[in-house]
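Dear colleague,

I am handing over the structure we spoke about, and below it you will find my notes on what turned up. Please read them with the model open beside you.

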Amino acid sequence: KSLVELQGKGGMIRGYINPAHYLHADNRKPFGIVDAIKLEVLKNDVLEYLKNRLQEQLQDKYSDEYIQKLRITRIEVNITLPCVGKATPSSMVHLFDMALDRTKVYRKRKKGSKCEKENMGIVYEREHYHVLKLYDKFDDFEKQRIPLEKNIFRMEIAFIDKTLNALFGEDGRTIENILSSKSLDILCREYKRVLEEELIEQQIKPYLKNCVTTLYESLIWSDSGKEISDTVMRYKEIIVDIECFRRALHRWYKKRQEKDPTVKDRTDEIIYKYRKKELGLPEDVLKTLKAFHIAAG
């Protein structure tokens, strides 16, 4: 795997650096804080490589100014973890697809099925700030014939433009400055901030609240005598975790008990029943999200 790629086109010099490949043959294990001590050697090797290649290509037109003017335009930071319990990469993608607006979802045919498809990844962009990429890492490595356990999910945030300027200043976006333990710490903290504040607090929590309310209102207003099955049939897509359905049922039974104290809360019994039906209601998705939140530090 390449550590550095360099390309000249249309009067522009563009490059790519993958620090993980400096330590490993692939990027199953990301470059992390514990590897920061090796950044100094990596930085020197990268700068030396860039200088040699540019001298080779530009010859007498080469100047050290080209190296000094190179600016980082995109930095990708990720956490890669196995899904918890019964959660799958497909159900994780579905959570973010439903919680975020204007997403691009990638799907493929399910193995062993001629009709069904499953989610493989999702891309969401906050223009000029960051690009969120979530995907099934097992599927990614399977294409490359690299062994990896199943149900591995990667949550990647690519920081761009305004975020990089805010973190490092326009003059601080140099290779020499970015490839440092201090900058690595700054990037990890920004990853955590985006995950907590922009994704979980501003997007996912409001969605979960709205999901439970929608399910509850469906249970309240249905007069078919099949409130529960009608609700599941009508709103199955918005149930990103069976826990949402559980919360709505508890709320519904509590409302009914206000009018009739003899009504028993049968939520656990109903959840068990729908699990047995194997309707594909996602489970342990929120537990997996929590695992990523904890891993962010």
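A helix here is a DSSP run of H or I with at least four residues, and helices are numbered from the N terminus. Please keep in mind throughout that this is a predicted model.

With that in hand, we can begin with leucine 54, which lies in helix α2, the helix made of residues 39–58. Leucine 54 has a relative accessible area of 6%, and because anything under 20% is called buried, this residue is buried. If its neighbours within four places in sequence are set aside, leucine 54 touches Leu6, Ile13, Gln59, Tyr62, Tyr66 and Ile67. Aspartate 64 is 10 residues away from leucine 54 along the chain, and the C-alpha atoms of the two are separated by 9.4 Å.

Next come two helices that meet, α8 (residues 181–221) and α10 (residues 242–259), whose axes come within 8 Å and cross at roughly 45°. An angle of this kind is neither roughly parallel nor roughly perpendicular, and therefore α8 and α10 are oblique to each other. The crossing of α8 past α10 is right-handed. Which residues of α8 and α10 meet? On the α8 side they are Leu208, Cys211, Val212, Thr213, Leu215, Tyr216, Leu219 and Ile220, while α10 contributes Cys244, Phe245, Arg247, Ala248, Leu249, Arg251, Trp252 and Lys255. Sorted by class, this contact has 12 nonpolar, 1 polar and 3 charged residues.

Threonine 231 sits in helix α9, which covers residues 227–235, and with a relative accessible area of 1% threonine 231 is buried. Apart from its neighbours within four places in sequence, threonine 231 is in contact with Leu215, Ser218, Leu219 and Lys236.

Finally, how many disulfides does a search of the whole structure find? The search finds 0. Cysteine 83 is in no disulfide, and the nearest cysteine sulfur, that of cysteine 244, is 17 Å away; cysteine 83 counts as buried, at 10% relative accessibility. Cysteine 211 is in no disulfide either, although here the sulfur of cysteine 244, the nearest cysteine sulfur, is 4.1 Å away.

Note on methods
Residues are numbered from 1 along each chain as its sequence is written. This is a predicted model: local features need pLDDT of at least 70, side-chain atom pairs count only at pLDDT 80 or more; totals for chains, interfaces and linings use all residues. Side-chain values use heavy atoms; hydrogens and water are left out. A disulfide is a pair of cysteine sulfur atoms within 2.5 Å. Buried means under 20% relative accessible area, exposed over 50%, partly exposed in between (1.4 Å probe, protein chains only). Axes are lines fitted to C-alpha atoms, for helices over the stretch in contact, and angles run from 0 to 180 degrees between N-to-C directions. Angles under 35 degrees count as roughly parallel, over 145 as roughly antiparallel, 65 to 115 as roughly perpendicular and the rest as oblique. A crossing is left-handed if the near helix is turned anticlockwise from the far one by less than a right angle, and right-handed if clockwise. Contact means heavy atoms within 4.5 Å. Ala, Val, Leu, Ile, Met, Phe, Trp, Tyr, Cys and Pro count as nonpolar, Asp, Glu, Lys and Arg as charged, and the others, Gly among them, as polar.
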